[in-house]
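Here are my notes for your review.

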Amino acid sequence: MAAVLYRLGRFSFRRRGRVLAAWLILLALLGGAAAAFSGPTTDNFTMPGTESQRALDSLRRQFPQAGGTTGTIVVAAPEGGKLDPAAVAPIVREAAAVPGVLAALDPFQVGAVSPDGRHALVQVQFDSPLDKVTDAQRAAYEKAGASVEGLRVEHGGEVMKAEVEIGSTEAFGVLVAAVVLVVTFGSLVAAGMTLLNALIGVGAGMAGLFSLSGVVELSTVAPVLALMLGLAVGIDYSLFITSRYRQFLAEGLEAEEAVGRATGTAGSAVVFAGATVIIALAGLAVVGIPFLSVMGLAAAATVALAVLVALTLLPAILGFAGARVLPRKQRTGKAPGDSDDEREAMGFRWGRLVTRLRVPVLVVAVVVLGALALPARDMRLALPDAGTAAEGSAARRAYDLISEGFGPGFNGRLIAVVTGDDAQATANAAKQAAGAIQTTPGVLAVAPPQANPQGTTALLTVIPKTGPADAATEQTVHTIRERLSSIQGAHIALSGVTAIGIDVSAKLADAMPVYLLLVVGLSILLLLLVFRSILVPLKAALGFLLTIGATFGITVAIFQQGHLADLLGVGRPGPLVSFLPILLIGILFGLAMDYEVFLVSRMREDFVHGDTAQQATVNGLGHNARVVTAAALIMTSVFGGFVFMHDPIIKSMGFALAIGVLIDAFVVRMTLVPAVMSLLGRSAWWLPRPLARVLPNLDIEGESLNHRTEETVPPVLTRS
């Protein structure tokens, strides 16, 4: 492996002009394809095979008039007043005139007026699903009722779900990353070159993703997730290779040889670190939920591109930079090899401290991480609703006003879809279903059945007493489904936001063991190949369990239980989004293995080259502590930038990834790992002889490169 990448690095260095031109041409082509073929993203969470999805599919086929997205306009009179039908009528007319609206229902005709007469709901039915509603239609919908004076009018419903915008908040993470790179390298050239390399990679990845969005249905979260990971790993991978290149330059190697060696050694670690991330993300496809599979594959493709860029474009850019990646004082005054003594001192001191106090360090770290994981026992999952939207947003204002006038259950309406062979069978089943639902504990009201023109499909709207994210509503859904299962003569399925959330959680729970077995199993096998050790991969996996437990605990404490929620701008604490746990496990596992590979590969490199196991552990941490610290801070800042977004899914995902990286890098990989490696000693590298004979030697340590030549190439560094 090292020899192949060594040759690739030197080739890219020698042909740097052509390599750079090829990447820029590819970036331009992908950008043009994205502009020409990109399509809209969607918030449709489809789950084939679930009851809620079958209900929606049946509704679209048999009752297309009710298959489009909906809106709810909330009208409220001043405090102490009552609504006048004549004052509400213009709002209904304006809503009905919105392009794409099939009907807007007068609340006084359908009984959608609060008991005190102060609040009313204008139900608006569109003829197309949410992802087909244009910005112009949404803007016209928001203007309905603007001409009415003396009444409060708020616009909510599914139609108000806007696409997640990628903008200034992400720039915060890039800015912090730039500062960290400048401090780490002490060179604007090295920092700018590393950042530019990563931005070209993520730009190509995002352009490629959007160019496919016209034919592949992307969720609104997928591009943001791809951007998160593409930026984070792109900067990190470039950082590791550039750092090794600087080290070889300082040792006196010529630039071309230094690039080849850096690509062969650090590049090997990048390949296998990237492979673990890709395996973890692509493994999301085994869950069987289309939008989650697309998210995972999109992010995996972006990471793969980041690896390719680091191995080809970066050596080319390093060729243009030459020795300017080193600080000015090192290029002009200091002797080769003396530049890193001070910056390495802290890493070596920390390594010696951890290995000397390995038992107390292990006990304290495990106890602290275990305590942080305790809130995860109370984790609840659901799909997000407008109640978790940002304070002051249109969707949140409408949600709060509905809850005020009608109760929280009106924000979490359920839909029972009754489908029969003929109109009579459907009508009978719908009548029985309405009676069974009305007497279910937790149900506030059931609207009269609405039938399609053929009478073969009927729709019943169910209003629970509690809100969509309330645990009591979940129990109500289960009870309704149990009661409806006994009705004969027609097929009845229950859907709605809460029902969809329950089905997502159930499907994810069923898929979780298979996913963990696949991802962790394949990654352990990969690490077994990389490190030629049984215990190192097992230790890496166990350390990840501590990371994920503490990350879940902290995320639950803030986003669900509300501790420090105001500090992070969490609109309203509530259940975590249903797919966050499995997504977090996949991403964090891959990223955790990044740092494992970078740290432990250097330990193995020194061990293979003759150091004792104890000294190799200290050296591995000493040489890489500064770079891993910078990488973790960069990745945390990139993820942390997404915490400032208003979308609750992105906010919770960005926070969980940021805190997970901090815990894994500083507590697990840079503290627990050297402590455990010190305890294991030489046995850490034990591999049964039969297995050693079977496994290929991938040589990520670059041992083959050391035998390439015994002579040191004349240095490019000169004194002045």
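**Notes on the model**

1. Arg532 sits in the loop between H18 and H19. The model is a predicted one. Arg532 is not a glycine, yet its phi is positive, at about 50°. Most residues other than glycine have a negative phi. With a relative accessible area of 14%, Arg532 is buried, because the cut-off for that class is under 20%.

2. Leu564 is another case to check. Its phi is positive, about 60°, although Leu564 is not a glycine. This residue belongs to the loop between H19 and strand S11 (576-577). Is Leu564 buried or exposed? Relative accessibility is 60%, so Leu564 counts as exposed. Gly252 also has a positive phi, of about 105°. Its place is just after H9.

3. Now helix H9, residues 221-250. At 1.5 Å a residue, its 30 residues should span 44 Å. The end C-alpha atoms are 43 Å apart, which agrees. How many residues of H9 are buried? The count is 30 of 30, and the helix is mostly covered.

4. Val627 lies in helix H21, residues 613-641. At 10% relative accessibility it counts as buried. Leaving aside neighbours within four places in sequence, Val627 is in contact with Leu239, Phe240 and Ser243. From Val627 to Ser52 is 575 residues in sequence and 49 Å in space, C-alpha to C-alpha.

5. Helix H4 covers residues 85-96. Val88, Ile91, Val92 and Ala95 are the buried residues of H4. Seen down the helix axis, they fall within an arc of 100°, so they line one face of H4.

6. What do the buried residues of H4 pack against? The partners are strand S1 (70-76), strand S2 (101-104), helix H5 (107-110), strand S3 (119-126) and strand S4 (152-156). The face turned away from the buried side carries exposed residues, Ala86 and Arg93.

7. Salt bridges next. The structure holds 16 of them. One is formed by Arg118 and Glu404, with the closest N and O atoms 3.2 Å apart. Arg118 lies in the loop between H5 and S3, and Glu404 in helix H15 (residues 394-406), so the pair ties together parts that are 286 residues apart in sequence. Arg118 is buried, at a relative accessible area of 14%. Glu404 is partly exposed, at 48%.

8. Lys539 and Glu596 meet through their side chains in a salt bridge, 2.4 Å from N to O. This pair links distant parts of the chain: Lys539 is in helix H19 (residues 535-560) and Glu596 in helix H20 (residues 580-608), 57 residues apart. Lys539 is buried, with a relative accessible area of 11%. Glu596 counts as buried at 0% relative accessibility.

9. Arg669 counts as buried, at 0% relative accessibility. Elsewhere, salt bridges that share partners join Arg10, Arg14, Glu256, Glu257 and Arg261 into one network.

10. Last, the surface. Which residues form a nonpolar patch there? They are Val286, Val514, Leu518, Leu522 and Leu525, with about 390 Å² of accessible area together. Leu518 is found in helix H18, residues 497-531. Its relative accessibility is 31%, so Leu518 counts as partly exposed.

Technical notes. Residues numbered from 1 in each chain as written. Predicted model: local features only at pLDDT ≥ 70, side-chain atom pairs only at ≥ 80, totals over all residues. Heavy atoms only, no water. Buried < 20%, exposed > 50% of the residue type's maximum accessible area, 1.4 Å probe, protein only. Helix = DSSP H or I, 4+ residues; strand = E, 2+ residues; numbered from the N terminus. Arc of directions from axis to C-beta. Contact = heavy atoms within 4.5 Å. Patch = residues over 30% accessible without salt bridge, like charges linked within 9 Å, V, L, I, M, F, W, Y side chains within 5 Å. Areas by Shrake-Rupley, 256 points an atom, 1.4 Å probe, with all protein chains shown as cover. Salt bridge = Lys/Arg side-chain N within 4 Å of Asp/Glu carboxyl O. Expected span 1.5 Å × (residues − 1).
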